Amino acid sequence: MTRVVLVEDHDMVAEAIGLALERAGIEVIARASTVAAALAETRRAEPDVILLDRRLPDGDGTALIREFVRGGAKVLVLTGEATASVAARVAEAGGAGLMLKSARLDDLVEAVRRVADGEVVFDRKLLAGVLDRLTGRVKVAGATLTAREQETLLLLAEGVGTDQISSRLGVARNTARNHVQRVLDKLGASSKLEAVSIARREGLLD
């Protein structure tokens with residue numbers, strides 16, 4: 001079961017999100033409403049995913065992302081403001097995604113599932129800005145991709161998840177995951193988003 005620390009300072013919002021996650025079989029192991037409490041609860045609970053409000057009473061939640069990631073958690077930021085600049089800051093800090101507070105609860109639950117599964121979840125309208133910010137901060141592409149790996153890379157550039165890659169390539173889910181991992185390894189990337197950024201810079205998506 002995916003274990004989540006929910007960091008949100010509005011009680012009604014936190015309650016609604018918490019209920020939606022629990023009903024979907026996702027365990028909310030702790031809640032926090034401030035930066036200080038988020039740090040304490042995360043160190044104590046060791047969650048798989050931290051659902052992190054961006055604006056907290058004692059600071060900006062995105063300032064915690066690097067520390068949370070170093071501790072082994074994946075971070076999904078929840079915000080009322082989604083711009084390419086904000087999304088890029090989340091990505092640069094190692095965050096796994098960004099969701100608007102106006103999103104449907106079902107979509108938020110699905111985003112938590114995808115992040116827990118190693119996916120990166122950013123609104124497609126923001127991806128171009130995120131990739132532009134990451135370009136130039138990454139390693140030079142190395143080995144040549146196979147035809148199947150190139151297909152996988154093109155699907156990653158569309159922002160699709162592992163399940164969709166599996167379906168569109170007509171392969172098992174584990175096989176799709178292996179294709180994705182080989183693409184990351186060959187491009188020297190630590191995430192799918194970084195792999196697409198490298199590929200854009202190296203002309204692999206032309």
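## Basis

The model is predicted: local features need pLDDT of at least 70, side-chain atom pairs count only at pLDDT 80 or more, and totals for chains, interfaces and linings use all residues. Residues are numbered from 1 along each chain as its sequence is written, and side-chain values use heavy atoms, with hydrogens and water left out.

## Overall make-up

The protein has 10 helices and 7 strands. These are DSSP runs, numbered from the N terminus: helices are H or I with at least four residues, strands are E with at least two. Of the 206 residues, 45% are buried. Buried means under 20% relative accessible area, exposed means over 50%, and partly exposed lies in between (1.4 Å probe, protein chains only).

The accessible surface comes to about 10000 Å². Carbon and sulfur atoms hold 48% of that surface. Areas come from the Shrake-Rupley method with a 1.4 Å probe; for residues, only the protein chains shown count as cover.

## Aspartate 53

An unreviewed UniProt entry annotates Asp53 as "modified residue: 4-aspartylphosphate". UniProt positions are given in the numbering used here, feature names are shortened, and annotations may be inferred rather than shown by experiment.

Aspartate 53 sits in strand β3, residues 49-53. Its relative accessible area is 2%, so aspartate 53 is buried. Leaving out residues up to four places away in sequence, aspartate 53 touches Val7, Glu8, Asp9, Gly61, Leu78 and Lys101.

## Salt bridges

The count is 15 salt bridges. Each puts a side-chain nitrogen of Lys or Arg within 4 Å of a carboxyl oxygen of Asp or Glu. One joins arginine 43 and glutamate 67, at 2.4 Å from N to O. Arginine 43 is in helix α2 (residues 35-45) and glutamate 67 in helix α3 (residues 65-70), so this pair ties together parts 24 residues apart in sequence. Arginine 43 is exposed, at 56% relative accessibility. Glutamate 67 is partly exposed, at 30%.

Arginine 104 and aspartate 106 form another bridge, with the closest N and O atoms 3.3 Å apart. Both residues of this pair are exposed. A further bridge joins glutamate 149 and lysine 186 at 2.8 Å, N to O. This pair links distant parts of the chain: glutamate 149 is in helix α7, lysine 186 is in helix α9, and they are 37 residues apart. Glutamate 149 is buried at 4% relative accessible area, whereas lysine 186 is partly exposed at 24%. Salt bridges that share partners also join Asp117, Asp163, Arg173 and Arg177 into one network.

## Helix α8 and its packing

Helix α8 spans residues 162-169. Its buried residues are Thr162, Ile165, Ser166 and Leu169. Seen down the axis of α8, they fall within an arc of 100°, so they line one face of the helix. The arc is that of the directions from the helix axis to the C-beta atoms. An α-helix has 3.6 residues a turn, so residues three or four places apart point the same way. The buried residues of α8 pack against α7 (147-157), α9 (173-187) and α10 (192-202). Glycine 170 follows α8, and its phi is positive, near 70°.

Serine 166 belongs to α8. Serine 166 is buried, at 11% relative accessible area. Beyond residues up to four places away in sequence, serine 166 touches Val171, Ala172, Arg173 and Ala176. Serine 166 and alanine 176 are 10 residues apart in sequence, with their C-alpha atoms 5.2 Å apart. The serine 166 side chain reaches the backbone nitrogen of arginine 173 at 3.5 Å.

Lysine 192 lies in helix α10. Lysine 192 is buried, with a relative accessible area of 13%. Its side chain makes a polar contact of 3.4 Å with the side chain of threonine 162. A polar contact is a pair of N or O atoms within 3.5 Å; within protein, one must be able to donate a hydrogen and the other to accept it, and residues adjacent in sequence count only if both atoms are side-chain atoms. Setting aside neighbours within four places in sequence, lysine 192 is in contact with Gly118, Glu119, Leu156, Thr162, Val180 and Leu184.

How values were computed. Contact = heavy atoms within 4.5 Å.
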